Amino acid sequence: MRATLKVVIRLMTIALIFGFAGSSSPVAAAQTPNELAVYAGAIVSGNPAYDSQVLVEFPFSLNRNDLSFLPLDSSDGNLYARVFAQVDLIDTAGFAIDSTRTYFSVKVGSPDEAAVGDYRVFNKLAMMVSPGRYSARLTVIDVVSKKKGEYFFDRVNVRPPVTGRISIGGLCAAYNIEYVGDIPAGSHPAMYKNGFRLVVNPVSIFADTDTLMYVYGEIYGLSYSPADPGNYRLAMTVFDSRGNFYRSMETKLGKKPGTSAVIRQGLDIRNFATGSYRIQIVASDPEVGGSDTAYAAFHIVSPEEVMLAATTKQEISSIDQNFTVEDHVNMVRYLLLPEELQRLNSLSDSGKMNYLAQYWREHDIDPTTPVVENRLEMISRYEFANRNFSTSLKSQDGWSTDRGRIYMTYGPWDERDDNEAPRVGNSYEVWYYRSIKQGLMFIFEDYSGNDDYRLVHSNVFGEVYNQEWQDRVDQGYIDIPD
């Protein structure tokens, strides 16, 4: 890790939790005084050894100083926080179909130690899942203070395990990976995998003051003979967010330990510019000529944006260098009055950037902080819309679709109902915003059956209104939450 960062390992009463400390390690603040800041991620490991099931892991971390500590009893001078965590797996119909939970303690020696601000605790939940498309909700509760934090995974795509050829799975970014062999006695098994002590970075965000990150992954389907194991080959290349070559890494040959192997690679990130990156990982088996390619994303940001990583809810904000001038204009397109947008479009590229810089300064919701929080939120919405609502995998036009426009205007929905196509008619989605005014509703219909969702009805003044859809609502065919 970076020179100022220490990985601290402490044995807790119920679980072993990893924490890191260091003066250059920013801490995410809780969104409200009664809410825990939760950093979380999802890792899918399609190991064919599990047969038809797939291991899905949900690593998460918390700021230790968000927790409340109490003494256990008079004979123990330490203080303990108790944490409950549960992840619910949700199918495409919106039903929770599986869940797993854990309950653990965090120990400190004094109130001063509990108040240290640059320290996190880590844990992980895991479950075996059938292939399919899911969403998931991670809920974390401080049992003492009743503070609660949630992290919602909009899409968890679980592909079937690959058989008969080499494949890569379980990729994640990590703060530290250390080989230990057998799990030490008294240690929490959730923090160990395949003989490695693995401290996952749940959101794959690193500060531009960090010096080192790790990539963990697994290779499956190697041809293997104990008499002549042979080698596998591993090649890694770093690309920027636009897909341009950024840096190549040394190609490695590794002796096959069996039909599977672990990827453990450190990457010096001291000279990386702020931005989003992808590591292309190519694993090949020279004996049979097979190969597989996978990608691991990570982000280099300023310390202030690391601090905001948990408060931007589900999405990771990119940095200015990743966007064109057109991207910056698109982010404010639904915020400006028509005459303001016309004025902006009439400017040169440098004039547009100056205009937008002034716009965000004037609309900063909290001028006491060094960042414009609502601008970061709009970046998050823009990225989410492009990832989830674009018309093709190669397009970045999700922001301009009906769903993208509503998402960028109002943000994440409070509740969403996805309805598969009935015998007669098309699939449709219903988005609810209960917390805005008297409640907002938007209905999107898939016109062509090819993910071509268009807004067909809303109760918002100025949006499209369709009496037929309203009749369905009034007759109870579409359930409106209280």
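Visitor: What is found just after α7, at glycine 411?

Guide: Glycine 411 takes a positive phi of about 85° there. This is a predicted model, and the angle is computed from its atoms.

Visitor: Which residues of α7 are called buried, and what covers them?

Guide: Arg403, Gly404, Ile406, Tyr407 and Met408 are the buried residues of α7. The word applies because each has under 20% relative accessible area. Their cover includes α3, α6 (373–389), β24, β25 and β26.

Visitor: How does helix α7 lie relative to the strands?

Guide: Helix α7, residues 402–410, lies across β24, β25 and β26 and runs at about 10° to β24.

Visitor: What is the order of the strands in the open sheet of four, and how do they pair?

Guide: The order is β23-β24-β25-β26, and the pairing is antiparallel.

Visitor: Why do β23 and β26 count as standing at the edges?

Guide: β23 (415–419) and β26 (453–458) each have a single partner strand, so one side of each is left without a neighbour in the sheet. From one strand to the next, the twist averages 20°.

Visitor: How do you know that β24 and β25 are paired?

Guide: Pairing needs at least two bridges. Six bridges join β24 (residues 428–433) to β25 (residues 440–446), so the two count as paired, and they run antiparallel.

Visitor: What describes the packing of α3 and α5?

Guide: Two packed helices are described by the angle between their axes and the distance between the axes. For α3 (residues 325–332) and α5 (residues 349–362), the angle is about 40° and the axes are 10 Å apart. The crossing is left-handed.

Visitor: Which residues make the contact between α3 and α5, and how do they divide by class?

Guide: From α3 come Val325, His328, Val329 and Val332; from α5 come Asp349, Lys352, Met353, Leu356, Tyr359 and Trp360. By class, seven are nonpolar, one is polar and two are charged. Asp349 and Lys352 are the charged pair, because Asp and Lys both fall in that class.

Visitor: What makes the largest nonpolar core, and where do its residues come from?

Guide: The core has 37 residues, and Val38, Phe60, Leu138 and Val140 have the most contacts inside it. At least two residues each come from β3 (38–40), β5 (54–63), β7 (79–90), β8 (96–108), β9 (120–129), β10 (132–142) and β11 (148–158). β7 gives the most, with six residues.

Visitor: Why is β7 described as largely enclosed?

Guide: 10 of the 12 residues of β7 are buried, so the rest of the structure largely encloses this strand.

Visitor: Which strands does β7 pair with, and over how many bridges?

Guide: Strand β6 (residues 70–71) pairs with β7 over two bridges, in the antiparallel sense. That pairing still counts, because at least two bridges are needed. β7 is joined to β8 by 12 bridges and to β10 by eight, and these pairings are antiparallel too.

Visitor: What lies between β7 and β8?

Guide: Five residues lie between them, and the two strands form a hairpin. Glycine 94 in the turn has a positive phi of about 90°.

Visitor: How is proline 160 classed, buried or exposed?

Guide: Exposed means over 50% relative accessible area, and proline 160 is at 54%, so it counts as exposed. Proline 160 is found in the loop between β11 and β12 (167–179). Its C-alpha atom is separated by 8.6 Å from that of proline 48, although the two are 112 residues apart along the chain.

Visitor: What are the totals for the protein?

Guide: There are eight helices and 26 strands, and 51% of the 482 residues count as buried. Among contacts between residues at least 6 apart in sequence, 64% join residues at least 24 apart.

Notes:
Residues numbered from 1 in each chain as written. Predicted model: local features only at pLDDT ≥ 70, side-chain atom pairs only at ≥ 80, totals over all residues. Heavy atoms only, no water. Core = buried A, V, L, I, M, F, W, Y, C linked by side-chain atoms within 4.5 Å. Buried < 20%, exposed > 50% of the residue type's maximum accessible area, 1.4 Å probe, protein only. Axes fitted to C-alpha atoms, helices over the stretch in contact; angles between N-to-C directions. Contact = heavy atoms within 4.5 Å. Left-handed = near helix turned anticlockwise from the far one by under 90°.
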